[in-house]
Amino acid sequence: MATEEQPKIKLYWLEQSRAQNILWLLEELKVSYELETFHRVNMFAPPELKKIHPLGKSPVISITPSGSTEPIVLAESGFITQYLSEHFGQGTTMMPTRWKDGQEGKIGGETEQWLRWQYFLHFVEGSLMPLLLRAMVLGALKGPKIPFFIRPITAMVANQLLSRLVLPSAQAQLGFLEQQLETSGGDYLCGPELTAADVLISFGLLAAKDKFETFGTWEGDGPKASYPKVFAYIDRLESHPGYQRSIEKIKEIDSSMGIMFQA
């Protein structure tokens, strides 16, 4: 019997971007894929990426169905994650079972795990990443790229904005994640098994885990003491074998591009 031709998947890889999440997801899905790599230009994505998708951002993937020469081009991390999980997640834990027994297609027939999964695909890009981006931009006002003679002024302004705009949102979101982990029924956001929602949220949480303290004055002993389940979860993601395999893959990619890997 002839083996059915598999879709061809290509990940357009931009250094130090959220393409890292998609690479980990592809590894968890155990699908074959190609990589096309791009260098940043002055910290920004190169114009060549606009030839793949008009917005020229990363991550972007293309999927060429078997028997076709026209690829499907997907952008936006949440959309990519959902599409890959729905089409290639069979036999993995990346997408929870959607329907309760006998409730297929009915309003309210979805499992709690699936509803959580669907929600967090949107939470990451709609709530968490905008917060972290604001913090990154404001943090840059205190950094070495600001001329030293005006840095005290920009730092003072940045600290005020971080304290008033970023810190309250960070406290709310970390508190929400703490509660979600407490009630998930397992070590991950949707239960006892790692899902694509955990993979998707990993980039932001891992990038920010040592930076939350810089957002302002925290009550008590700081964010790690206030939200122990969240920080234990971050450590769990970082030590997950799949994440570690993806990191080794990223180191190989960065080395081939002449880049020093940065976790």
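In which helix is M156 found? M156 lies in helix α4, which covers residues 151-183; helices here are DSSP runs (H or I, at least four residues), numbered from the N terminus. The structure is a predicted model, in which local features need pLDDT of at least 70 and side-chain atom pairs count only at pLDDT 80 or more, while totals for chains, interfaces and linings use all residues. Residues are numbered from 1 along each chain as its sequence is written, and side-chain values use heavy atoms, with hydrogens and water left out.

M156 has a relative accessibility of 53% and therefore counts as exposed (exposed is over 50% relative accessible area, buried under 20%, and partly exposed in between, with a 1.4 Å probe and protein chains only). Together with I153, V157, L161 and L165, M156 forms a nonpolar patch on the surface. The accessible area of these residues together is about 460 Å², as computed by the Shrake-Rupley method with a 1.4 Å probe. Such a patch is made of residues with over 30% relative accessible area and no salt bridge, nonpolar side chains (Val, Leu, Ile, Met, Phe, Trp, Tyr) being joined within 5 Å.

A search of the whole structure gave 7 salt bridges, each defined as a side-chain nitrogen of Lys or Arg within 4 Å of a carboxyl oxygen of Asp or Glu. One of them pairs E238 with K209, with 2.6 Å between the closest N and O atoms. This pair links distant parts of the chain, 29 residues apart: E238 belongs to helix α7 (residues 228-239), and K209 to the loop between α5 (196-208) and α6 (223-226). K209 is buried, at a relative accessible area of 18%, whereas E238 is partly exposed, at 26%.

A salt bridge also joins the side chains of D210 and K224, at an N to O distance of 3.5 Å. Distant parts of the chain are again linked, with D210 in the loop between α5 and α6 and K224 in helix α6, 14 residues apart. D210 is exposed, with a relative accessible area of 52%; K224, at 43%, is partly exposed.

The salt bridge between K251 and E248 has its closest N and O atoms 3.6 Å apart. Both residues lie in helix α8 (residues 241-256), where a separation of 3 residues places them about one turn of the helix apart. K251 is partly exposed at 37% relative accessibility, and E248 is partly exposed with a relative accessible area of 42%.

Conventions
Patches are made of residues with over 30% relative accessible area and no salt bridge: like charges are joined within 9 Å, nonpolar side chains (Val, Leu, Ile, Met, Phe, Trp, Tyr) within 5 Å. Helices (H or I, at least four residues) and strands (E, at least two) are DSSP runs, numbered from the N terminus.
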